[in-house]
Amino acid sequence: MLRSATSALLRTSTEISSFCPVSTVRLVRQSLRYPPRNRPFSTSVCLCKKKKQRLWLQLAEGRTMDGNIEEILAPLRLAVKEQGELVRQMKQDGAPDVDVTKAVAELKARKRTLEAKELSLQPKDDIVDRTKMEDTLKRRFFYDQAFAIYGGVSGLYDFGPVGCALKNNILQAWRQHFIQEEQILEIDCTMLTPEPVLKTSGHVDKFADYMVKDVKNGECFRADHLLKAHLQKLMSDKKCTAERKAEMEEVITQMDNYTQQELTDLFVKYNVKSPTTGNDLSPPISFNLMFQTSIGPGGNMPGYLRPETAQGIFLNFKRLLEFNQGKLPFAAAQIGNSFRNEISPRSGLIRVREFTMAEIEHFVDPTEKVHPKFSNVADLDIMLYSSKAQTSGQSAQIWKLGDAVEQGVINNSVLGYFIGRIYLYLTKVGVAKDKLRFRQHMDNEMAHYACDCWDAETKTSYGWIEIVGCADRSCYDLKCHARATKVPLVAEKPLKEPKVVNVVQFEANKGAIGKAYKKDAKIAMEYLSVCDECFITEQEQLLNEAGEFTIETEGKSFKLTKDMVSVKRFQKTLHVEEVVPNVIEPSFGIGRIMYTIFEHTFQVREGDEQRTFFSFPATVAPYKCSVLPLSQNQEFMPFVRELSEAMTKNGVSHKVDDSSGSIGRRYARTDEIGVAFGITIDFDTVNKTPHTATLRDRDSMRQIRAEVSELPVIIRDLANGSLSWAEVESKYPIFEGQETSKKDTVEE
């Protein structure tokens, strides 16, 4: 393999612009100090940068992924693998955090390079014509920029009739698939959130990006994105030296790790100006991404528009547990809008300021993470991109879900069950199976409290984008809110036999605390009485090392010393055990799912480049059926009314098009907005008994003929998935042409 990689590297080094965006001096000290094991040969160096013409000629001649393309990718895979081994070794050896952080950033950069190269080598017919698709979406008013007649506001969109119907159908399918089938408890919480709630969750302090402003007109830019774009522009200049390019590549590699001051220095060093005006920019400042407001007329209660829907579920945990008769496991869900004040919203529905989320919080006993229905999804074949594969330079692989859980690739069967259910839902609503993968977060990506996290990612013209997150969040959120509110957010389960447990709690010296904090002493002591063992142990360490620790509650800060508080340990016998549930959280970005469906279902009719259509599954199609009278003659109208009323009674959304255009043009018009089926009332419908009409399938354009009274039920069954088009064709005659015309009379 190594010899093959070396050969490919030598053949293509003058043809490929760049295999790895790293400088020649990157991480030299770490690499020497932590050499990867079994490393007789290294390809993780920058290669010569010349034109790609010969490479693309080779690809055009039909080289396959198993042949030349895989040889091209081999050095990139090796570079990622080497860096992954280096990171693991540094962590094992306890290397300084700053060195590990730089090594991880380098690993991410190599991963991005490998993935970008893989995408660039895909066949071009696999990529959607985004311009043509977006033209269709805008022209048929699926959605458009909000406040357009006032010039529009970036990151805000209005959905038109077709987009609104599609979105509602996607959400209805979600409710059916998750809430109804899994018997999940749905709630609807307010979008306005008081500041203390989001202070506890960490959003107030950590939910931020760095921003710079045009000093003259106030236009804002996200600092890291602007700096990266500026450096890439400088690097594209033919006069830029190799040393200068290597230096800037190193800056881009470390972009996620810079502090505010380091970013400020880089903006000065590279003389970054406003890309739109050329004006000077302010130094980078931290910008919280939440929309701030005040609740009530006095302005005394600061609040925010919620950045996610999950917090409302956590705060209502106690009521939900009571509703579920105190039993675990159970799940709660919420669908609603969330808000993030993005500095530079872009890419249409992918990065916006107001968006719809659908989130599930599945509460489970941490000692019983086994899902009783996992066998229902265990045999699914799903593309998984594990953390190990990512750090080894491998591609995503098809796994049986049961094998992935059994071999420990996925942490537990509850998480595995939801991954399977997410897969089934996404493919049901129109996401292409071959463009869907689940990518596992690497250790450095996960929050410290998370056990395992997977993102459902889809391949689009923007590359791979995350559309669903599925995380095992342990018990972090409930513990944080319990500590802040002094309300125990726990479940109880009876023990088969009494057991003796070790108890750790704070023992407060009321006199000392009362003397120091007077009337506020009660607040501090109430806080100490509800702290969990993990928090107590952490503070005990501070107490032993520094002689004091600080707590914050109800907007007040208390410094506690050894004479004010101590830690007490004892044993007690329990008959009922308190459990802080772990949480499995699938979180769906509905706008991103919609955009993926647009790309994955957008098609052009073979032989007619001007005829575009969306092949939405009938389940989510904006309208299930169109009703098209062949003539505007009044004799046709009773059949139109009969069909429309019958379909309404059967819950089938439909659209009547009785305009004067040709039937072919009207078919094209309904296909363009993704109407799944079309009923044509023709002269045979009027002139012959029993009265029949044609039913057309959008994707195949094939038609059958059936009695008018049967058609609404057929379409209803097609739309809900209980009947397939193949079954319809096997039961009813294929339509080949009318037998009568407008000159014929009705048969006796």
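Colleague: Over how many bridges do strand β5 and β7 pair?
Modeller: Keep in mind that this is a predicted model. Strand β5 covers residues 208–213. In the pairing, D209 stands opposite F287 in β7. The two strands run in the antiparallel sense, and the number of bridges is four.

Colleague: Which strands stand at the edges of that sheet?
Modeller: The sheet is open, has three strands and pairs them antiparallel in the order β6-β5-β7. Two strands have a single partner each, so one side of each is left without a neighbour in the sheet. Those edge strands are β6 (220–222) and β7 (285–288).

Colleague: By how many degrees are neighbouring strands of this sheet turned against each other on average?
Modeller: The sheet in question is the open one with the order β6-β5-β7. Direction is ignored in this average, and the turn is 50 degrees.

Colleague: Which helix lies across β5 and β6?
Modeller: Look at residues 223–235. That helix runs at about 80 degrees to β6. The helix is α10.

Colleague: How far apart in space are F267 and D224?
Modeller: In sequence, 43 residues separate F267 and D224. In space, going from C-alpha to C-alpha, the distance is 9.9 Å.

Colleague: Why are the buried residues of α6 on the same side of the helix?
Modeller: Helix α6 spans residues 130–139, and its buried residues are M133, T136 and L137. They share a side of α6 because the arc they cover around the axis is only 100 degrees.

Colleague: Which exposed residues does the other face of α6 carry, turned away from its buried side?
Modeller: The buried residues pack against β1 (143–145), α22 (590–601), β22 (602–604), β23 (612–614) and α24 (663–672). The face turned away from that buried side carries T131 and K138.

Colleague: Which residue with a positive phi follows α6?
Modeller: Helix α6 covers residues 130–139. The residue in question has a phi near 55 degrees, and is F141.

Colleague: What is the relative accessible area of T670?
Modeller: T670 has its place in helix α24. Leaving out neighbours within four places in sequence, T670 is in contact with S626 and V675. T670 is buried, and its relative accessible area is 5%.

Colleague: At what angle do helix α19 and helix α20 pack?
Modeller: Helix α19 covers residues 510–517, and helix α20 covers residues 521–529. K510, I513, G514 and Y517 in α19 meet A521, A524, M525 and L528 in α20. The axes are 8 Å apart, and the angle is about 135 degrees. That makes α19, relative to α20, oblique.

Colleague: How many disulfides does a search of the whole structure find?
Modeller: A disulfide needs the sulfur atoms of two cysteines to be covalently bonded. Take C451, which is partly exposed at 34% relative accessible area. Its closest cysteine sulfur, in C475, is 8.5 Å away, too far for a bond. Across the whole structure, the number of disulfides is zero.

Colleague: Is C625 buried or exposed?
Modeller: The relative accessibility of C625 is 0%. Buried means under 20%, so C625 counts as buried.

Methods: Residues are numbered from 1 along each chain as its sequence is written. This is a predicted model: local features need pLDDT of at least 70, side-chain atom pairs count only at pLDDT 80 or more; totals for chains, interfaces and linings use all residues. Side-chain values use heavy atoms; hydrogens and water are left out. Buried means under 20% relative accessible area, exposed over 50%, partly exposed in between (1.4 Å probe, protein chains only). The arc is that of the directions from the helix axis to the C-beta atoms. Contact means heavy atoms within 4.5 Å. Two strands pair if DSSP finds at least two bridges between them. Axes are lines fitted to C-alpha atoms, for helices over the stretch in contact, and angles run from 0 to 180 degrees between N-to-C directions. A disulfide is a pair of cysteine sulfur atoms within 2.5 Å. Angles under 35 degrees count as roughly parallel, over 145 as roughly antiparallel, 65 to 115 as roughly perpendicular and the rest as oblique.
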